[in-house]
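Dear colleague,

I am passing on the structure we spoke about, and my notes follow below it. Please read them with the structure open beside you.

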Number of protein chains: 2
Amino acid sequence: MTREQSTDVGGHAANTRVAIVGGGPAGSLLALALAQRGYGVDLYERRSDPRGQIADRGKSINLGLSKRGMQALQMVGLLDRVLRRAVTMRGRIIHAMDGTGRFQPYGKDSAEVLHSVDRNELNCTLLEEAGRYPSVKLHFEHQLVRVDKQSRELEFNVSGQNIKVRPQWVIAADGAFSTMRRELQHGERADYHQEFHEWGYMELTLDAAAGGTSKVELRALHVWPRRHCMIVSHPNLSGSHTLTLLLPFHGEDSFATMRTPAEIETLFTKYFPDLIPLLPDLVEQCMKHSPAGMVSTRTAPWAFADWAVLVGDACHAVYPFYGQGMNAAFEDCSVLVRELNDCKGDRETAFRRYELARRAHTDVLCDLTKAACVELRQKVRSPWFLARKRLDLAIHRLLPQAWTPLYTMVAHTTIPYAEALARSRRQERILLCSSVVLALLTVGASLFYALGR
Amino acid sequence: MTREQSTDVGGHAANTRVAIVGGGPAGSLLALALAQRGYGVDLYERRSDPRGQIADRGKSINLGLSKRGMQALQMVGLLDRVLRRAVTMRGRIIHAMDGTGRFQPYGKDSAEVLHSVDRNELNCTLLEEAGRYPSVKLHFEHQLVRVDKQSRELEFNVSGQNIKVRPQWVIAADGAFSTMRRELQHGERADYHQEFHEWGYMELTLDAAAGGTSKVELRALHVWPRRHCMIVSHPNLSGSHTLTLLLPFHGEDSFATMRTPAEIETLFTKYFPDLIPLLPDLVEQCMKHSPAGMVSTRTAPWAFADWAVLVGDACHAVYPFYGQGMNAAFEDCSVLVRELNDCKGDRETAFRRYELARRAHTDVLCDLTKAACVELRQKVRSPWFLARKRLDLAIHRLLPQAWTPLYTMVAHTTIPYAEALARSRRQERILLCSSVVLALLTVGASLFYALGR
């Protein structure tokens, strides 16, 4: 069946009705933000309504909310509510092979922290708040199958039947494998880059001890970095932690060689022995889940005339190593809303300005994230790296305005990513020059002292 | 209608029947090579049979055949026949703004030359020869629409009707926007990179003078390099030349500002004044054609179990600046045929070895091609670059075994691309060190001479 939904073809709130494809965090945040600004919104989501459902274990369900994401939540007035349900993480605890843990603070003070939030709960909160607006219609179980750019129609599969809608304009927030992106770019001279990490990930739960206390320090991100693999954990309000096991898909010590109970135990004994007593149901959990892939994407253009625009993972998916995926997506939302507001109805200009303001920076984030993977795997355990990090933080404490470590700029400020990188490189050059000058002065002083004797 | 073609589902030549998707040069070369080796072949091509048709003007119809492509034609016994219909190009003639031309030889001798061939004629020759084999079936106007990886079925649209075939195995030779690639990689952890050049291209014909003589030197590639745009021309046997105008799509002096007769004349007067008297129908030609885009792609994996494998543009499209697109595709064919032969029916191993032998090298070709664009635009006009090129060729003439310029290795040998690049970098280091030593010796000798006086 092919029919037209009367609400979407002209008529109601004729000049301001938008279709948002994808009801994840970015899509639902935009639905809310635009509704607050008087837009009519039709939000189409492939999955069923997540509200009232329990999220799948084994899928990515925790996020480290940082400054950029917080700013977007502030914009829609939900920051306090979300933070009340978050666990503050003051830093990382790095777990060595010998079972010892070392704390690395995220920043210089209590403002420079991350907040562990439940992705599903955050998503539900945003949908709930958006749904309160009469001008917002939430359409679940609508799978986009085709886009006709000529007639500007979207075709959805709904319970096996195809329906067409003709929205005035569209925001694509349908994730890394965005159907909107694919359909919009079909036949266009569009750039697209998609790369999978050789590692997969699997989420495991480290349950709270009896009484709801955490088995490890609650208010921190925990990392078990190994050269070959890694575990990262985010705390939950309940006292449990969500562990993410990152491991190669293939080869020696990989998901491919972790299929039987014995193999699982062998691998954990080899790499994460201190976790075995904490995870009594380790084997059961590992047997139940399949590893998922991690994709990094970049694309251009993000906008199509005055009709469609991409946000979040639909235009820039990143590996999870910098904890910036959702934060960057939320920042897209803030910038898009600001540009729409500034351009007062001239959507084509708003889209162009939005892409100009964001794309160069999310491309840099893509590179930073790849570098962060190497850092997390190896450098967190190197004494030189730790000393360098401490020096960076110490100068930051002394000169908070003039000197900011790269991680601080990415996580605790809204300095655009490419500017953060450029500033960090300048700082590195200053540090290098200072070291050389210091070394020369030391040699000079020694000589002076030696000759003076 | 959905039916199964009886010839394709089991039965005939059961163990050796292959479907080739795409009947361009690579697909038709493979059809011929495999038929010669006893395979049954079904070749499916989206377009109609090109034999007996006249190719579209304005589409890329000339190729510079070099060593790698020649080797593949040798394999199928067609090299001599193709060369008889080719124009030998001994080097490039670089046309400066003042109308002067400067000849740069392609290599040290008459073996290091390129051959300008008509793409359509080459394609027809290959199809004709493949079609002589009773074991080869050519299916034109078959557009692949879907691939079912589970049931290993291909679905084609034929005159508006869908038919399914179930080949034993498949070679995807369906070009840069390969439907096979897209369908095979759907849902897989596959890498894919696609980038469009900011320039478009348009082909124009420089007709022969009365009597079939060429208006410019016939046996050379002609280049009109400008910082902002470029024309490259390939000679034809008839004495005409096919010019390729490369120009930005947008911005100042672009295809977007070359739409009226006056604009066309203004642009040619500004950048290619010496061509205006040679092209009396310039405006007419430009008005008739639309510019086409140039895409560069990379992907992985190339092989899917023992069932499907990608070749040519379907796995690595490159910009045309190195003249290696079809040569690299033909080299894929040689390597694939060799591995299939060596692995004696173990297709999975043959595919894996083929990908291992080729992918790293075509990835390097992709980078070399991007660098070649910069070189063609700018460096061909720099005296330093020309001097460096002459020195390179001079050493190559002195020590042909030990020293080979990069271009020579790419165009006139079958040294794998990545090895060619590594060797060229070593040569550059040697050249740099030698220059330093030479400079020091000169200074030393001058001092010796000065002190001795």
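**An exposed leucine and its surroundings**

A:Leu432 has 59% relative accessibility and therefore counts as exposed, a word that stands for over 50% relative accessible area, whereas buried stands for under 20% and partly exposed for what lies in between (1.4 Å probe, protein chains only). This is a predicted model, in which local features need pLDDT of at least 70 and side-chain atom pairs count only at pLDDT 80 or more, while totals for chains, interfaces and linings use all residues. Residues are numbered from 1 along each chain as its sequence is written, chains are lettered from A and ligands numbered from 1 in the order in which they are written, and side-chain values use heavy atoms, with hydrogens and water left out.

**Aromatic rings**

Over all chains, the structure holds 24 aromatic pairs, where rings of Phe, Tyr and Trp (its six-membered ring) pair if their centres lie within 6.5 Å, and planes under 30 degrees apart count as stacked, over 60 as edge-to-face and the rest as tilted. One of them joins A:Trp169 and A:Phe351, whose ring centres are 5.9 Å apart and whose planes stand at 45 degrees, so this pair is tilted. A:Trp169 counts as buried because its relative accessibility is 0%, and A:Phe351, also at 0%, counts as buried for that reason. In chain B, the rings of B:Tyr322 and B:Tyr407 have centres 5.7 Å apart and planes at 10 degrees, so they are stacked. Both B:Tyr322 and B:Tyr407 are buried.
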